[in-house]
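Please view the structure first.

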Amino acid sequence: MLEALLQPSSIAVIGASKTPGKVGHDVLANLVGGNYVGGLVAVNPTTDEILGVRCYPSIGQSKQKVDLGIVCLPAGLVFKAVGELVRAGVKALVVITAGFREVGAEGAKLEREISELCRVNRVRLLGPNVLGLINTHHNMNASFAHYMPGPGCISVVSQSGAICTAILDMAAERKLGLAKLISIGNKADINEIDLLAYLAKDPYTKVIACYLESITNGNEFVKVASQVTAIKPVVIFKAGTTKSGGKAASSHTGSLAGTDIAYGAAFNRAGVIRANTFEELFDFATALSMQPLPRGNRIAIVTNAGGPGIICADAVENAGLQVAELDWQTASALKQKLPATASVQNPIDVLGDADPERYRLAITSALQAMSVDAVVVILTPQTMTKPAECARVVAKCADGAKPLLACFMGGRDVIPARRELVDASLPDYAFPERAIA
């Protein structure tokens, strides 16, 4: 039934508006502007047309079959609208409206009534209190988000709509495509377990990234997540792990805080990669989507400065990884190619005056070494450094066989290099610790 939600052949927007800035307008505008190829119906009793889409006073007066209904009405009008959509034969619903369980007992009662109405009629419900959802491979932006991302292989599931919009903005800056983005809000019906199971089978999704404030059913989550992580990486940032955070989460989406230890144990058991910060959620998803998984834990470090190499080596060991011991063939080859004062141990120090060719020699040797599973390349801007040219060399060295991550440290001087790495779809991190994580 989730196909009707994520791949609908037709959509009705209830509460469509002519006024830009209103949710009912922006959702419809995103569907039209995103070139959604299915049928569109708008419901607004005061007009015949909005953005070229035919309007009806009610969904019952439209003769078009509708798979997905999107409700953008005040909370007090939602139950009636849902009833009309159910009678019209929709298979899935998105209730964008807030003002339900998260605001108190009356809102919770109304949410239960809507959920029960959908359950009895076998209609799947996303929400309430959501941003909406996006499926780039279906040209569907059924949300009031500002951006429509390009197609990619990361799918995002978030209990917070604002986290969705932040990820969309960061992805746009990074020129990072997404497969699907789904805001789940109060989870009156569809939850993270349903979506994990669906995305596990989705051919467009390579990595699943989740922001969660609660987990609906712990045992079922572990069972399903264990099956999913055997197929593709799942990264989860669980918020609301403290007393204050749990209290805030309860007022945000009506969720209850669980103990952090229990969540950690569940994630470990299920094979979930846990992000401890929002920054890590985006960092991890980016690396996993752009680079292959490492076959082992042996890391080679290529750097043009000793200090950052030491910082990176510390980060490797602190993360439970190994600073790779280079085999004698690799060390010998590096010694012949690099200046006499360069270090051919690991970290491989190509010296502060390293040009792009010196970086290429070191990176290529490290990637070819049998004793290396992944390579991190560090650059700090010296007076003779050519960051942009070096970035192009780093990108050309990435052949997809082993993970290659860049760490161009600095600010103004490395901005052109970071643009090169973005254009080459290569993960770049400002600090060694983020790359190693």
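The text below takes the pockets, then the helix packing.

This is a predicted model.

**Pockets**

| Pocket | Volume | Lining residues nearest the centre |
|---|---|---|
| Largest | about 540 Å³ | Pro294, Leu405, Ala435, Ile436 and Ala437 |

The largest pocket is lined by 22 residues. Elements giving two or more of these are α10 (278-290), β18 (374-379) and α16 (432-436). Helix α10 supplies the largest share, four residues. By class, the lining of the largest pocket holds 18 nonpolar, two polar and two charged residues.

The class make-up of the second largest pocket is six nonpolar, one polar and nine charged residues.

**Helix packing**

Helix α13 spans residues 356-368, and helix α14 spans residues 387-397. Their axes lie 9 Å apart, at an angle of about 25°. Angles under 35 degrees count as roughly parallel, so α13 and α14 are roughly parallel to each other. Their crossing is right-handed.

From α13, the contact takes in Pro356, Tyr359, Arg360, Ile363, Thr364 and Leu367. They meet Glu389, Cys390, Val393, Val394 and Cys397 of α14. The residues of this contact comprise eight nonpolar, one polar and two charged.

Terms used: Residues are numbered from 1 along each chain as its sequence is written. This is a predicted model: local features need pLDDT of at least 70, side-chain atom pairs count only at pLDDT 80 or more; totals for chains, interfaces and linings use all residues. Side-chain values use heavy atoms; hydrogens and water are left out. Axes are lines fitted to C-alpha atoms, for helices over the stretch in contact, and angles run from 0 to 180 degrees between N-to-C directions. Angles under 35 degrees count as roughly parallel, over 145 as roughly antiparallel, 65 to 115 as roughly perpendicular and the rest as oblique. A crossing is left-handed if the near helix is turned anticlockwise from the far one by less than a right angle, and right-handed if clockwise. Contact means heavy atoms within 4.5 Å. Ala, Val, Leu, Ile, Met, Phe, Trp, Tyr, Cys and Pro count as nonpolar, Asp, Glu, Lys and Arg as charged, and the others, Gly among them, as polar. On a 1 Å grid over the protein atoms alone, a cavity is a set of points where a 1.4 Å probe fits but cannot get out, and a pocket is an open set with protein on both sides within 12 Å along at least five of seven lines; lining residues have an atom within 4 Å of a point. Grid points are joined across faces, edges and corners, and a volume is the space filled by probe spheres set on the points.
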